[in-house]
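This briefing covers how two parts of one protein meet. Please look over the model before reading the points below.

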Amino acid sequence: MGYTLTYPKSSYVGSGALKDSAQRLKSFGKKAFVISGKHVSKTEAFSELLRVLEMNQTEYVIFTGITGEPTLAMIEEATECYQKNQCDCLIGIGGGSVLDSVKAVSVMNSYGSDLTQFAGKEIIGPFPKMILIPTTAGTGSEATKFTIITDTEKNIKMLLKGDDLIPDMAIIDPDFTKTSPADITAYTGMDALTHAVEAFTSKKANDYTDLFALSAIKRIFRYLPIAFENGEHDEARLEMALAAYEAGICINNASVTLVHGMSRPIGALFHVPHGLSNAMLIHDCLSYAIDGCPEKFGKLGKVIGVAEDEMEDKKAAVFFIKALEELCRKLKIPTLEEYGIQKEAFDSQIEKMSADALASGSPGNTIRTISKEDMIKIYKGLW
Ligand SMILES: [Zn+2]
């Protein structure tokens with residue numbers, strides 16, 4: 001079967017990327033709607049963005065109402081503000097929640113407030129120009145056609161998608177991620193790793209996504225512990241920014257699988273940050289998936305250097321899983337219990353979480369066939 005490869009129309013990468021993009025940025029609109037988090041809006045990166053807009057004589061309106069992972073209510077408020085101010089392009093500067101919000105506001109601006117109608121469907125534009133500037137290295141939202149919005153009525157995280165939601169421009173300056181604290185660096189970095197490994201072992205993987213996935217995985221195993229220990233480390237921050245972007249391109253084209261499918265319900269019901277719930281699940285989910293393609297998991301062990309080239313695939317795959325465990329330990333990833341979740345509360349939701357995970361479609365991309373019962377077992381095994 002053939003495949004296409006999609007990624008942002010233009011990307012500026014490296015220290016000083018925002019300034020380098022200024023000329024092109026100017027052509028995107030006359031009045032920008034700038035979405036940012038409260039914390040990021042006080043950083044130097046944010047001031048630099050405003051300076052570029054002012055230099056370009058682009059008017060702007062600032063919105064900092066995305067407080068945590070975006071909900072429908074937050075997106076409605078932002079869209080009203082966008083429309084009331086008659087803005088004509090969107091800039092997101094922040095973590096994954098902020099970047100995802102930009103895409104959701106675009107959709108709501110074009111189609112009205114009922115976003116639930118799009119769950120599982122391809123959303124088609126036209127949309128206003130979208131410029132995304134990540135300040136964490138993780139979700140890869142700056143490169144993807146996805147946005148995740150929480151429906152607080154149904155307690156689910158909706159996955160919205162469409163090629164037209166791929167940003168018009170991604171501006172990736174690793175210096176902007178230096179303000180990301182150690183725990184956020186760890187969680188978002190683990191999200192990027194999950195994207196890359198899931199895409200590499202997805203039923204939809206292809207030669208190109210494999211290329212990006214392997215590159216991202218190598219970078220993350222080497223540099224995430226360094227960025228976690230020392231947030232000011234230039235090389236580690238650059239490598240992680242690149243890895244997150246590469247992993248984003250992977251999931252655009254090969255999708256995520258079991259880990260993300262099972263992670264979203266934990267996030268929706270127990271308010272565990274997205275990257276962290278992935279990290280809590282990754283070991284058990286991938287251990288389950290190995291039998292679907294031991295060659296690919298074995299390759300991962302070899303690529304990150306924990307297994308010899310001649311080693312038999314299944315054995316090399318086990319070494320990869322052990323290396324994952326070791327990485328989580330280095331990054332101080334807590335268990336559900338250590339995070340403060342009550343076992344009884346969790347147990348009472350396992351049925352719903354397994355059903356929601358299956359309905360999201362992501363587990364179906366896993367290389368080994370997985371049923372609701374299998375997921376119930378994995379959820380129970382987390383304790
Ligand atoms: Zn993710």
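Domain bounds here come from an automatic or database domain assignment. On that basis, the protein is divided into domain 1 (10-177) and domain 2 (182-381). This is a predicted model, where local features need pLDDT of at least 70, side-chain atom pairs count only at pLDDT 80 or more, and totals for chains, interfaces and linings use all residues. Residues are numbered from 1 along each chain as its sequence is written, and side-chain values use heavy atoms, with hydrogens and water left out.

**Extent of the interface**
- The centres of domain 1 and domain 2, taken over C-alpha atoms, are separated by 25 Å.
- Domain 1 puts 25 residues into the contact and domain 2 puts in 27 residues (contact means heavy atoms within 4.5 Å).
- Between them the domains bury about 2,100 Å², 62% of it on carbon and sulfur atoms; buried area is the accessible area (1.4 Å probe) that two parts lose on being put together, summed over both.
- A137, N155 and K157 lose the most area on the domain 1 side, together 24% of what that side buries.

**Polar links**
- Seven residue pairs, both at pLDDT 80 or more, are in polar contact across the interface (N or O atoms within 3.5 Å, one able to donate a hydrogen and the other to accept it; residues adjacent in sequence count only if both atoms are side-chain atoms).
- Salt bridges between domain 1 and domain 2 number zero (side-chain nitrogen of Lys or Arg within 4 Å of a carboxyl oxygen of Asp or Glu).

**The domain 1 side**
- Strand 1 (10-13), strand 6 (146-151), strand 7 (156-161) and strand 8 (169-172) each supply at least two residues (strands are DSSP E runs of at least two residues, numbered from the N terminus).
- Strand 7 gives the most, with three residues.

How values were computed:
Helix = DSSP H or I, 4+ residues; strand = E, 2+ residues; numbered from the N terminus.
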